[in-house]
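Take a walk through this model, from the whole chain down to single residues. Keep the sequence beside the structure as you read.

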Amino acid sequence: MFIRGGQTNNIIIQPNDFAISFTNYDSSETHAGIKLVCTIGSDDNPFEGKSFGFLGDSITHGLDPDNSTHDHTTVLPHPWANQVADALGANMINYGVNSATVVPVANHPTPLIEKYKEMSPDLDYVIVMGGINDAFNQIPLGKMEDRDSSTFYGGLHILYKALAQKYKRKDGKHVIVMTYPRYDALHTVRDDVTFDQFVQAMRDVAGYYSIPILDLYNNCEISPFSDDEFEYWIENNASNHDGLHNPHPRQSAADIIADTMCRYLKSSYME
């Protein structure tokens, strides 16, 4: 049964929040030692047993910047995508690939405009976040009218349209676009093109296809511009101490991304 406000099993519920009864709940940690992230029980839980697919790059994959090896294979103890699925009682497949781009780039993994074809057709929720490596590799931004993979805008059109057609709303499927948290080390991509414009392209094209957006860029509640102690991201270049940040979230930032994602899903898809 839902409870609005009050207290249940020593968990304080804010007036506008919902909770479901908990059993043998430890208020500090879950059984796996992970801090509770917006967890909900099975009763009336629309996510219970649903299948989530996360499509993206190393940030989605869960690369651990504190323990990264030369081949970038080490993942965080608790990647944000795994936390989301665990908190919601859902199943998940992580299709995130290190260095992945939206459009084809030489010597990079399969681009997302092709990678989505490998995703299971049985997914209920598809979360996609891609583009930071396109910006890093100075892929032309292009314009909203583009429809081919020679520009970032064109690649987004190919990807988002294909996902909307593969996972149709009439079949009970949901596609959600996530933007990245802010990234101070890549402000200017090329000439007068900024990373802000790449993120805006994600918003523009998602909106064109009426795909919902979780905008971490503006609504993550953490930012490299206030992270002077490098609590959420490690320093981008520790040798010259330029004060800029690596784009890969530390565990503390991954926890916040997971919590933000859970709260978004809860507010958007729970009646």
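Buried means under 20% relative accessible area, exposed means over 50%, and partly exposed lies in between (1.4 Å probe, protein chains only). Ser210 is exposed, with a relative accessible area of 65%. More on that residue below.

Some ground rules come next. This is a predicted model, in which local features need pLDDT of at least 70, side-chain atom pairs count only at pLDDT 80 or more, and totals for chains, interfaces and linings use all residues. Residues are numbered from 1 along each chain as its sequence is written, and side-chain values use heavy atoms, with hydrogens and water left out.

How far can the model be trusted? The predictor's confidence in each residue, from 0 to 100, is called pLDDT. Its mean over the chain is 86, and 82% of the residues reach 70 or more. Residues 1-34 stay under 50. The model has 49 contacts (heavy atoms within 4.5 Å) beyond four places in sequence for residues 1-34. Where pLDDT is low, the predicted coordinates should not be read in detail.

Now the overall build. The chain has eight helices and nine strands. Both are DSSP runs numbered from the N terminus: helices are H or I with at least four residues, strands are E with at least two. Of the 271 residues, 49% are buried. Among contacts with a separation of 6 or more, 66% join residues 24 or more positions apart. The accessible surface is about 13,000 Å², and 46% of it belongs to carbon and sulfur atoms. Such areas come from the Shrake-Rupley method with a 1.4 Å probe; for residues, only the protein chains shown count as cover.

Look next at helix α2, residues 80-88. Seven of its nine residues are buried. They are Trp80, Ala81, Gln83, Val84, Ala85, Ala87 and Leu88. What covers them includes the strands β3 (51-56), β4 (91-94), β5 (125-129) and β6 (174-179), along with helices α1 (58-61) and α8 (251-269). Just after α2, Gly89 takes a positive phi of about 70 degrees.

Helix α8 also holds Asp259. At 22% relative accessibility, Asp259 counts as partly exposed. Its C-alpha atom is 9.6 Å from that of Cys220, 39 residues apart along the chain.

Turn to the loops. Most residues other than glycine have a negative phi. Gln138 is not a glycine, yet its phi is positive, about 60 degrees. Gln138 sits in the loop between α4 (132-136) and α5 (152-166), and is partly exposed at 41%. Ser210 also has a positive phi, near 55 degrees. This serine lies in the loop between α6 (195-208) and β9 (213-215).

A further loop, between β4 and α3 (112-115), contains Ser99. Ser99 is partly exposed at 33% relative accessibility. What does Ser99 touch, leaving aside its neighbours within four places in sequence? The contacts are Ser58, His108, Pro109 and Asn133.

A cavity is a set of points, on a 1 Å grid over the protein atoms alone, where a 1.4 Å probe fits but cannot get out; lining residues have an atom within 4 Å of a point. About 40 Å³ lies in the largest cavity. Grid points are joined across faces, edges and corners, and the volume is the space filled by probe spheres set on the points. Its lining is Ile59, Ile132, Tyr180, Pro181, Arg182, Tyr183, Trp233 and Pro247.

Note on methods:
On a 1 Å grid over the protein atoms alone, a cavity is a set of points where a 1.4 Å probe fits but cannot get out, and a pocket is an open set with protein on both sides within 12 Å along at least five of seven lines; lining residues have an atom within 4 Å of a point.
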